[in-house]
Amino acid sequence: MSEIRSIQNILLTALAPIVWGSTYIITTEVLPLNMPLLASTIRALPAGILLLLICRTMPKGIWWLRIMILSLLNIGAFFYSLIVACQPIMVILLSTYILKTSLTIKHIISAILGIIGIGLLVLNSTTSLNWQGVIAGFAGCSCMALGVVLTKYWNRPTNLSLLSFTGWQLTLGGLMLLPVAISIEGLPQHLTVTNILGYSYLCMVGAVFSYIIWFRGIEKLPVVTISFLGFLSSLSACILGYFFLKQTFSLLQMFGACTIIIAVWLSIPRDQTKKSDNSII
């Protein structure tokens with residue numbers, strides 16, 4: 001029964017990165033052009049305020065500082081640099097140090113397979129890398145990895161429900177993004193009905209729904225498993241691009257997609273009652 005419940009939690013939590021994969025197509029095709037920071041801000045801030053209006057509870061004591069840190073890592077800085085290919089490796093290393101989890105050969109193999117899969121999925125002959133992109137990707141990975149591990153390590157304050165915990169992070173993270181978005185991108189001259197629908201989708205589905213089930217998943221599942229589910233975001237984005245934008249899906253990309261699925265499958269915990277024989281640490 002516990003194994004079935006674990007699979008159910010994994011499937012539910014996996015919906016979050018799958019939804020995040022749709023962010024790319026919504027931002028480029030539905031929203032005003034060249035305003036990704038504003039999209040991130042509108043995605044987070046109204047969603048957080050909505051949840052806080054529903055819950056009306058506040059953090060206490062040291063949790064104000066902790067919520068600020070988690071908001072920066074999970075929402076503010078992560079939205080600013082949304083690339084997660086190396087994130088599982090960072091989560092594995094951080095959880096080994098902070099949470100004292102066992103580092104296994106299976107974890108390492110899964111992480112390597114995931115990175116290879118992401119590389120095959122998103123890189124092609126027309127793709128070029130620059131150092132700014134590499135730094136942004138590394139920053140995003142680091143923020144999400146540390147945010148996931150600290151969320152697991154600190155747990156959730158007893159006086160805050162899951163909705164309130166999510167709401168405070170979205171609100172504070174959105175407030176951190178707001179001045180950056182306005183100073184760099186400004187505000188759109190006008191909004192169409194399509195733009196408004198796109199922002200509404202990002203707010204209600206991409207933030208409220210997805211972050212509630214994401215933080216719930218962090219509470220229920222091992223952080224290493226959570227980190228590998230992040231690979232599904234890139235897979236979702238490529239599949240949506242193939243169906244809706246008529247983008248190509250080469251044989252190598254198909255192989256990369258299969259490799260990602262294998263990496264996620266390997267990361268799923270099996271028997272938690274026995275210490276793994278292939279534990280490295």
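Q: What is the accessible surface of the protein chain, and what share of this surface belongs to carbon and sulfur atoms?
A: The model is predicted, and the areas are computed from it. The accessible surface of the protein chain is about 14,200 Å². The share of carbon and sulfur atoms in that surface is 71%.

Q: Which residues form a nonpolar patch on the surface?
A: Members of such a patch need over 30% relative accessible area. Leu 50, in helix α2 (residues 36-55), has 33% and is partly exposed. The accessible area of the patch comes to about 330 Å² together. Its members are Leu 50, Ile 54, Leu 163 and Met 204.

Q: What percentage of the 281 residues of the protein chain count as buried?
A: Buried means under 20% relative accessible area. By that cut-off, the buried share of the 281 residues is 49%.

Q: How many helices and how many strands does the protein chain have?
A: From the N terminus on, the elements run α-α-α-α-α-α-α-α-α-α-α. The count is eleven helices and zero strands.

Q: Among contacts between residues at least 6 apart in sequence, what percentage join residues at least 24 apart?
A: A contact here means heavy atoms within 4.5 Å. Take the contacts in the protein chain between residues at least 6 apart in sequence.

Q: At roughly what angle do the axes of helix α7 and helix α8 cross?
A: Two packed helices are described by the distance between their axes and the angle between them. For α7 (residues 162-185) and α8 (residues 193-220), the axes come within 10 Å. The crossing is right-handed. The angle is roughly 115 degrees.

Q: Where does Lys 100 lie, given its positive phi of about 60 degrees?
A: Most residues other than glycine have a negative phi. Lys 100 is not a glycine, yet its phi is positive. Lys 100 is exposed, at 64% relative accessible area. Its place is the loop between α4 (87-98) and α5 (105-122).

Q: Is Lys 246 buried or exposed?
A: Lys 246 lies in the loop between α10 (231-244) and α11 (251-267). This lysine, Lys 246, has a positive phi of about 60 degrees. Exposed means over 50% relative accessible area. At 71%, Lys 246 is exposed.

Note on methods:
Residues numbered from 1 in each chain as written. Predicted model: local features only at pLDDT ≥ 70, side-chain atom pairs only at ≥ 80, totals over all residues. Heavy atoms only, no water. Helix = DSSP H or I, 4+ residues; strand = E, 2+ residues; numbered from the N terminus. Buried < 20%, exposed > 50% of the residue type's maximum accessible area, 1.4 Å probe, protein only. Areas by Shrake-Rupley, 256 points an atom, 1.4 Å probe, with all protein chains shown as cover. Patch = residues over 30% accessible without salt bridge, like charges linked within 9 Å, V, L, I, M, F, W, Y side chains within 5 Å. Salt bridge = Lys/Arg side-chain N within 4 Å of Asp/Glu carboxyl O. Axes fitted to C-alpha atoms, helices over the stretch in contact; angles between N-to-C directions. Left-handed = near helix turned anticlockwise from the far one by under 90°.
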